[in-house]
Amino acid sequence: MVKLPTVQFTEEQEKFRLEVRSFLQKELEKGTFNTKCDSWLSGCNPSFSKLIGEQGWIGLTWPQKYGGQERSSIERYILTEEFLAIGAPVASHWIADRQSGPLLLRYGTEEQREFFLPKITNGECFFAIGLSEPNSGSDLASVSTKAEKVDGGWIVNGSKTWTSNAHDAHYMITLVRTEPFDGVKKHNGLSQLIIDLHAEGVSIVPIKYLTGEHHFNEVFFENVFVPDNRVVGTLGNGWKQGLAELAFERSGPERILSTFPLLEELIAELKRQNDIEGLTQVSKLVAQLWSLRNLSIGVAKVLEEGGEVAIPAALVKAIGTKFEQSIPEIARLLVATYPRKDADRKLDRLLAESILHSPGFTIRGGTTEILYGIIAKGVVAG
Ligand SMILES: Cc1cc2nc3c(=O)[nH]c(=O)nc-3n(C[C@H](O)[C@H](O)[C@H](O)COP(=O)(O)OP(=O)(O)OC[C@H]3O[C@@H](n4cnc5c(N)ncnc54)[C@H](O)[C@@H]3O)c2cc1C
């Protein structure tokens, strides 16, 4: 089993945290955004992403030649923690920053890096994740969207579903079958293509949330031409590359902080009511959060050092997303509220958002049951 390190922030890193916090606080006060729960996946705001790009805060760890700042992944962790704590609308650039850019850095061609990464760091180019299909979710290797070789590229036919923010994104890193199933292993013959979501033959159909919001989509491909220079990495290596992408996806602060703005407001409300009993109960949540955070930062450190994190990352996501879900459950028992998305009282609004968004926390990025399987097999094997 991987031993996770304990990370102590340096003075420089704490200074960076304060710089980010004070910037976000000022923008909040100016009215640039409203605090929101689940802001990393459902808070799309392209102009806010542009502003964050101007600060140099997208692709923070990437090489300077592509617009990055070459800072550490711990600093990136601090940055994302501050975004989530204040509930800033960072969803437009989140996927490109978290996984598409790092994937291109690892497997992309120089031409792809030079073309995409500076646009991403400027906050002008957003990506979507093209994995799930109507008949492929947990059993992802069964994807049937296929790409057939033609002169100069590939013709793609099929569809993806539950695609977060595809309507706001410019490109999708899409897992497709480039070779027919060989009858041996479904994982063979899969490849990753960068598909331009504005290309001819792509149609994006909204699937509305419980809240009525447009967050995810069905995406259909009908004879979509993808040039050869948009293949990521090695043809047929899509499964392995996709798994590497998931490591970036599973263990970040977004797996424990999606409902943090509600927790903070709950504490403020209990303090206003001088409810010592309620505050005592909430202190247990805060202790859990602190332990989860240490685990999550430990995984970020091991990732930075190039270590293997599949199992601890699955563990953080499995426990962290249950924790996020527990906050609205506990909040509604501790204070009298009338949760409504358009409520004037902040607590009511954040509670409504959390209740309506939280069912997805333990599904997106791999369901809890699948994660338990990964953890169990890893422990037995390890
Ligand atoms: C908010 C949200 C955003 C999303 N965004 C994206 C996105 O941007 N891009 C994208 O590609 N996908 C996205 N998804 C889809 C998500 O990845 C899938 O929903 C998820 O992988 C589960 O697949 P499924 O829905 O097909 O469920 P299924 O795989 O059909 O699972 C149904 C149930 O069966 C259980 N189950 C399945 N197999 C096993 C097994 N072997 N052992 C035990 N239990 C099992 C599951 O745990 C689950 O409870 C998103 C989902 C949500 C909720």
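Colleague: In which loop does Asn274 lie?

Modeller: This is a predicted model. Look past the end of α8, which covers 260-272. The next helix is α9, at 276-304. Asn274 lies in the loop between α8 and α9.

Colleague: Is Asn274 buried or exposed?

Modeller: The relative accessibility of Asn274 is 57%. Exposed means over 50%. Therefore Asn274 counts as exposed.

Colleague: What is the phi of Asn274?

Modeller: Asn274 is not a glycine.

Colleague: Where is Glu70 found, and what is its phi?

Modeller: Glu70 is found in the loop between α3 (46-54) and α4 (73-86). Glu70 is a residue other than glycine, yet its phi is positive. The value is near 55 degrees.

Colleague: Are α1 and α4 roughly parallel or roughly antiparallel?

Modeller: Helix α1 spans residues 11-30, and its axis comes within 10 Å of the α4 axis. The two axes cross at roughly 30 degrees. Angles under 35 degrees count as roughly parallel, so α1 and α4 are roughly parallel.

Colleague: Is the crossing of α1 and α4 left-handed or right-handed?

Modeller: From α1, the contact residues include Phe16, Val20, Leu24 and Leu28. From α4, they include Ile74, Ile78, Leu79 and Phe83. The crossing of these two helices is right-handed.

Colleague: How many residues of the contact of α1 with α4 are charged?

Modeller: Arg17 and Arg21 of α1 take part, as do Glu75, Glu81 and Glu82 of α4. The contact also has nine nonpolar and two polar residues. The charged residues number five.

Technical notes: Residues are numbered from 1 along each chain as its sequence is written. This is a predicted model: local features need pLDDT of at least 70, side-chain atom pairs count only at pLDDT 80 or more; totals for chains, interfaces and linings use all residues. Side-chain values use heavy atoms; hydrogens and water are left out. Helices (H or I, at least four residues) and strands (E, at least two) are DSSP runs, numbered from the N terminus. Buried means under 20% relative accessible area, exposed over 50%, partly exposed in between (1.4 Å probe, protein chains only). Axes are lines fitted to C-alpha atoms, for helices over the stretch in contact, and angles run from 0 to 180 degrees between N-to-C directions. Angles under 35 degrees count as roughly parallel, over 145 as roughly antiparallel, 65 to 115 as roughly perpendicular and the rest as oblique. A crossing is left-handed if the near helix is turned anticlockwise from the far one by less than a right angle, and right-handed if clockwise. Contact means heavy atoms within 4.5 Å. Ala, Val, Leu, Ile, Met, Phe, Trp, Tyr, Cys and Pro count as nonpolar, Asp, Glu, Lys and Arg as charged, and the others, Gly among them, as polar.
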